[in-house]
Amino acid sequence: MDKIGTIRSRTVVLPASNIDTDQIIPARFLTTTTRIGLGKQLFADWRYAPDGAAKSDFVLNQPAAAGCQVLVAGRNFGCGSSREHAPWALLDYGIRAVISTEIADIFRNNSLKNGLLPIVVDETTSAWLIGHPGNEVEIDLASATLRLPSGINVSFPIDPFARYCLLNGVDELGFLLQQQERIAAYEARHRDS
Amino acid sequence: MPKTMFQKVWEQHEVTAETADTPAVLFIDLHLIHEVTTPQAFDVLRERGLSVRRRDLTLATMDHSTPTRTEQVFGGVPITSTAAGRQVQQLERNCAAAGIELLDMHSDLRGIVHLIGPELGLTRPGRTIVCGDSHTSTHGAFGALAFGIGTTEVGHVFATQCILQRKPKTFAINVNQKLRPGVTAKDLVLAIIGQIGVEGGTGHVLEYRGEGIRALTMEERMTVCNMSIEAGARAGMIAPDETTFSYLSDRPRSPSGADWERAMERWRALPTDPGASFDREHTLDAATLEPMISYGTHPGMVIPVTGTVPNRRGDPVFDKALAYMGFTAGEALRDRPVNVVFIGSCTNGRLGDLRGAAQLLRGRKIAGNVRMLVVPGSQQVKAAAEAEGLDRIFLDAGAEWRESGCSMCIGMNGDTVARGEYSVSTSNRNFEGRQGAGARTLLASPLTAAASAIRGRVTDPRELL
């Protein structure tokens, strides 16, 4: 996985709360057996009319959204289904960080394992970001800070282990594989459970 | 120091405890897999030259993208969607190559992944259970710690039988008194989600406790734990008791003989110790609840079936949900016309659910404007239902009777609700488009669903009991 350091980008804003993973990528696209190319199905039912035409009033279809790598969303982003296709679709589209006041557990875990940054901020910061779409922000993973256009730095929580892996391009499976002796010892102790 | 059940199960499975810098390494006792969330994980194993560490603790089924029409399942007719067919074939190849037991399309034991674990006796108290599916929380009904994972984590479990986890917090849901007639476990869990909110459980493991929970059957407990994820919770658990042990005692793969006795000793030690504290608590009274129905686009947007759609002036997200549903604030849902009724899913696809619906449909017909699908959660449920004639009741009433699978809960296999149609569904999610693009889902119990099918309108099942 590529190392992540600093992300500098304008924001694209979806103010709705409780955006579930069925919206991020509808279930009918989950028959895929790969993880590539899902960006075109991102928010499919919000982006496209039933006849396949792009809906001009949806924010991702507007010219200002082009090239934005930071998605700002309402509370409880990524709730619902555990489909990892959701972060795969966001990343394939070009989103590298999601900012919300709350991010659902499974989506957050899946995002961290793929290099998509789930960033939880306070209500005030979130309200400002939602009210000011298209402003440039800077996310520095090493210091776990989000820099707003005003110059104010907002720190965000991130699991130190996940941060280490993302900063160094290390994948978590490698860490688990180093534990094989301990796993074998555990298995030997628990033969009958 | 007194411990919660969650703490006990967690500590018993720590290969390595968590530190400030690293998450815990947690051993997994049972890894359930299906066709949708595994192909990419098997690819990673191949790319890295790894193999499945514990195929004896791994069990595969096919449920999400599989057909439910009998002629498609058994008649040699290929799966309609070539992508779905490819996915199913890939699971067959991957399981054969890895030596993983697969309950395939022709197995009598096949079913929705969250039904087969309990049916076989593989879902047991005190176990850690994962699956690439958020409704893995179902298995917590037995006092297991069970949660959904992503595909990357499926790969981790394949390679190491372990998972990296930060310890979640604990949240007691105290349910006083018992449910009244006509009010089901589904209504209870919808009410709980409505009260604590769809993000109320985020970062927590729920433990459902109290008289209202103890009085539930195992099937009803599974319905409750199944929807823990709809409150955002990592998992939901219920302490094992005589109801649990009785359910497990005659399952084909339950421990037997001296192993059963040893298991019982461990299981009896699992419940939360008196005096143990939870990070959060919420209390409700089951006897005050009524049949519930959802009116919006997430499972926290629920009201009693006799109630009216609330009004939240100035909340654009709320207004958007009502616009999608075609409802207005202040209106009653009762007597609203219904197009589709779906009975099934890992929430309400068990024998007791089908019996409940059949009890209302016996000797009655569904309304002419309604299309009704009854999809048993597993082939074992289907066989048991047919043995007692439930299939005849559904067919005589005018419903369709299908082979098992996720079907219209997720609409991946072609069983969908058309754009703009209203579906009273016993499934777990009323998200926009969940049952098909533009479909409008009203979540309810099997009783409410069956009553609404008979009248062709949203109906309080107590009027027909």
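Mentor: Gladly! Let's begin with a definition: a residue is buried if 20 or more other C-beta atoms lie within 10 Å of its own. By that test, buried residues make up 44% of the 193 residues in chain A. Keep in mind that this is a predicted model.

Trainee: What else describes chain A as a whole, such as how many helices and strands there are?

Mentor: Chain A has 8 helices and 7 strands. Its C-alpha atoms fill a box of roughly 60 × 45 × 25 Å along the principal axes. Among contacts in chain A with a separation of 6 or more, 68% link residues 24 or more positions apart.

Trainee: What makes E4 and E7 of chain A edge strands?

Mentor: Start with the sheet, which is open and has 7 strands in the order E4-E3-E2-E1-E5-E6-E7 (chain A), with mixed pairing. Strand E4 (117–120) and strand E7 (153–155) of chain A each pair on one side only, and that makes them the edges. From one strand to the next, the twist averages 30°.

Trainee: How do you know that E1(A) and E5(A) are paired, and in which sense do they run?

Mentor: Two strands pair if DSSP finds at least two bridges between them. E1(A) and strand E5 (residues 136–140) of chain A are joined by 5 bridges and run antiparallel, so they meet the cut-off of at least two bridges. A:Ile7 stands opposite A:Ile139 in E5(A).

Trainee: What puts the buried residues of H6(A) on the same side?

Mentor: In helix H6 (residues 160–168) of chain A, the buried residues are A:Phe161, A:Ala162, A:Cys165 and A:Leu166. They share a side of H6(A) because they cover an arc of only 130° around the axis. Their cover includes helix H4 (105–112) and helix H7 (172–177) of chain A. After H6(A) comes A:Gly169, with a positive phi near 65°.

Trainee: Let's turn to chain B. Why do E1 and E8 of chain B each have one side without a neighbour in the sheet?

Mentor: Those strands belong to an open sheet of 3 strands, ordered E1-E2-E8 (chain B) with antiparallel pairing. E1 and E8 of chain B stand at the edges with a single partner strand each, so one side of each has no neighbour in the sheet. The twist there averages 40° from one strand to the next. B:Glu14 has B:Leu26 in E2(B) as its bridge partner.

Trainee: Which helix of chain A lies across that sheet?

Mentor: Helix H8 (residues 180–189) of chain A lies across E1, E2 and E8 of chain B, at about 150° to E1(B). The contact between the chains takes 56 residues from chain B and 47 residues from chain A. On the side of chain B that touches chain A, H6(B) gives the largest share, 6 residues. That side of chain B divides into 19 nonpolar, 24 polar and 13 charged residues.

Trainee: Which residues touch the most other members of the largest nonpolar core?

Mentor: In that core of 193 residues, they are A:Val98, B:Cys162, B:Ile293 and B:Val341. Helix H7 (residues 185–196) of chain B gives the most to the core, with 8 residues. Leaving out residues up to four places away in sequence, A:Val98 touches A:Leu71, A:Ala73, A:Phe77, A:Ile103, A:Leu116, A:Pro118 and A:Ile119.

Notes. Residues numbered from 1 in each chain as written. Chains lettered and ligands numbered in written order. Predicted model: local features only at pLDDT ≥ 70, side-chain atom pairs only at ≥ 80, totals over all residues. Core = buried A, V, L, I, M, F, W, Y, C linked by C-beta atoms within 7 Å. Buried ≥ 20, exposed ≤ 12 C-beta atoms within 10 Å, placed from the backbone. Helix = DSSP H or I, 4+ residues; strand = E, 2+ residues; numbered from the N terminus. Contact = placed C-beta atoms within 7 Å. Axes fitted to C-alpha atoms, helices over the stretch in contact; angles between N-to-C directions. Nonpolar A, V, L, I, M, F, W, Y, C, P; charged D, E, K, R; others polar. Arc of directions from axis to C-beta.
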